Amino acid sequence: MSVDSANAPLRERILILDFGSQLTQLIARRVREAHVYAEVHPFDVSDDFIREFDPKGIILSGGPDSVRDSDTPRVPPLVFEFGVPVLGICYGMQVMAAQLGGRVEPGDLREYGHAQVCIDGPSALLDGLQDAQSADGRRTLDVWMSHADKITAVPAGFVPTSSTPSVPIAGMENTLRRFFAVLFHPEVTHTPQGAAILERFVLKICGARPDWEMGQYADEAVARIREQVGNEQIILALSGGVDSSVAAALLHRAIGDQLTCVFVDHGLLRLNEAEQVMATFADHLGVKVIHVDASGAFLSKLAGVTDPEAKRKIIGAEFVEVFQQEAGKLTDARWLAQGTIYPDVIESAGKGKKAAQTIKSHHNVGGLPETLNLKLLEPLRELFKDEVRELGVKLGLPAEMVYRHPFPGPGLGVRILGEVRRDFADLLRRADAILIETLRTTIDKETGKSWYELTSQAFAVFLPVKSVGVMGDGRTYEYVVALRAVQTQDFMTAHWAHLPHELLGHVSNRIINEVRGINRVVYDISGKPPATIEWE
Ligand code: XMP
């Protein structure tokens with residue numbers, strides 16, 4: 001495995017070793033929010049890797065295992081000998097305690113959720129931080145816990161720093177060796193002081209330089225791309241989504257006309273989307289974009305197909321086919337650029353992890369075949385989504401485009417239940433546009449934000465069932481549209497959004513009045529899990 005950012009050796013960085021927690025990526029995000037660059041790697045990296053990475057500090061993540069089982073993950077011994085500060089979180093604390101000579105025992109009960117820890121003495125990690133005060137005058141922190149085992153004796157040289165009523169040692173540290181640990185999760189927003197704890201660790205304790213900033217990163221990335229690509233030609237599949245858009249803007253800044261974007265319109269985009277993409281990139285930024293209207297080919301391949309996975313596969317395969325044809329015409333191209341972002345890289349880097357069960361096969365340009373014989377360029381592979389957005393704005397993309405809700409690769413193909421037809425897509429596009437326009441223009445009084453900003457993803461779904469209605473004097477027998485709006489941090493779990501009733505009523509009225517063919521609108525009030533965000 002190589003070090004992802006080997007090209008930027010001057011930047012000081014934090015190494016996060018992943019013991020399998022769902023939350024590990026959040027640690028990296030919090031550290032980067034403190035403007036220090038961090039990368040996540042599997043817990044069992046080699047000594048050579050650690051030396052080459054040359055971290056300013058190391059963070060051990062949480063994980064699902066118990067250190068009391070013999071075949072569970074352990075920290076590479078070099079971590080404790082490397083001479084930089086180490087912070088263990090949850091399993092990371094337990095494994096630190098176990099490996100350095102402390103005692104870990106089964107807890108009396110599994111602790112999961114909110115807890116209040118008392119800070120029991122001076123702590124280099126927790127000093128000055130406080131949410132409230134205990135009855136006996138100690139500082140307390142509101143935290144989020146998720147663990148079964150507890151530490152009953154700290155290793156030699158450590159002192160306990162905090163406790164809860166059920167956990168006598170919720171934190172420990174050895175300031176001489178600069179080893180720190182907490183049993184709770186500072187990386188989640190449910191721990192209000194969590195970001196401050198991680199910031200203090202990386203800035204004060206590790207002494208890392210806070211130089212991770214998107215404006216500066218853009219300049220570095222531009223220089224790197226120029227050096228890598230020279231005067232060769234690049235092609236990029238531009239979807240109009242945030243990642244490919246920002247990749248296009250970055251590459252265009254770096255190498256201008258050596259970039260050609262191929263925009264494949266599969267006929268399943270949102271209302272006016274193709275025009276907007278062309279206006280932003282071709283007209284406004286002056287990027288070379290080949291617009292391929294392939295809607296006929298996609299829709300004819302989809303005719304009669306009702307199974308969601310079969311639809312996804314057809315759309316994915318057809319996309320590759322169309323793109324390949326266009327790419328084949330650009331005989332000078334030597335590079336294929338993709339908008340791969342850091343979370344995709346981390347997931348595929350996690351060796352030794354059980355493959356996550358496939359719930360839906362996601363269609364991404366990642367499936368483009370190697371037969372194109374092009375070198376791969378992934379200019380965003382170090383960045384989290386929020387960093388990609390920030391970079392997009394710095395590169396001059398409209399905030400409205402960069403802060404758009406995510407849109408699935410197969411587009412309306414998975415929002416038209418059952419068979420995908422052009423007439424269904426046309427109805428759905430109009431209904432969806434009414435919902436989105438209303439969300440954008442309805443401002444919540446309490447927060448001053450629009451409901452578009454207050455939701456993470458919102459869209460309309462076409463239900464190919466007819467129901468009876470009445471309009472004027474006549475009876476109607478027309479299709480149903482479902483509205484979906486969710487709030488979520490990570491799209492793995494989501495709540496349905498409590499949109500104001502007036503907003504829903506307004507959208508429903510407009511859709512039924514303006515979109516002939518729809519006479520009923522329903523609102524989806526299912527959470528994820530058990531429902532997914534998309535209906536297919
Ligand atoms: P689900 O429906 O699985 O969606 O709860 C979670 C997030 O993933 C998006 N999604 C997709 N994105 N190709 C994509 O690129 C797909 O096939 C696909 N299916 C779902 C969905 O919009 C949501 O943001």
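Ile59 touches Ile14, Leu15, Ile16, Leu17, Ile27, Val31, Leu87, Ile89, Leu198 and Phe201, leaving out residues up to four places away in sequence. Contact here means heavy atoms within 4.5 Å. The model is predicted: local features need pLDDT of at least 70, side-chain atom pairs count only at pLDDT 80 or more, and totals for chains, interfaces and linings use all residues. Residues are numbered from 1 along each chain as its sequence is written, and side-chain values use heavy atoms, with hydrogens and water left out.

Ile59 also belongs to the largest nonpolar core, which has 67 residues. Such a core is a set of buried Ala, Val, Leu, Ile, Met, Phe, Trp, Tyr and Cys residues joined through side-chain atoms within 4.5 Å. Buried means under 20% relative accessible area, exposed over 50%, and partly exposed in between (1.4 Å probe, protein chains only). The members touching the most others are Ile14, Ile59, Leu60, Val79, Met96, Leu125 and Phe201. At least three residues of this core come from each of domain 1 (13–205) and domain 2 (214–403). A second, separate core holds 50 residues, including Phe298, Val322, Leu412 and Ala485. In soluble globular proteins, nonpolar side chains tend to be buried together.

The chain is assigned domain 1 (13–205), domain 2 (214–403) and domain 3 (422–523). These bounds come from an automatic or database domain assignment. Over C-alpha atoms, the centres of domain 1 and domain 2 are 37 Å apart.

An unreviewed UniProt entry places the feature "active site" at Cys90, His185 and Glu187. The three span 98 residues of sequence but cluster in space, with a largest C-alpha distance of 11.0 Å. UniProt positions follow the numbering used here, feature names are shortened, and annotations may be inferred rather than shown by experiment. His185 sits in the loop between strand E10 (179–182) and helix H5 (194–205). Glu187 is in the loop between E10 and H5. Helices (H or I, at least four residues) and strands (E, at least two) are DSSP runs, numbered from the N terminus.

His185 counts as buried because its relative accessibility is 3%. Glu187, at 1%, is therefore buried. Beyond four places in sequence, His185 touches Leu23, Ile89, Cys90, Trp144, Ser146 and Thr191. With that exclusion, Glu187 contacts Leu23, Leu26, Ile27, Arg30, Ile89 and Leu198.

Asn272 is not a glycine, but has a positive phi of about 60°. Asn272 lies in the loop between strand E12 (259–265) and helix H8 (273–285).
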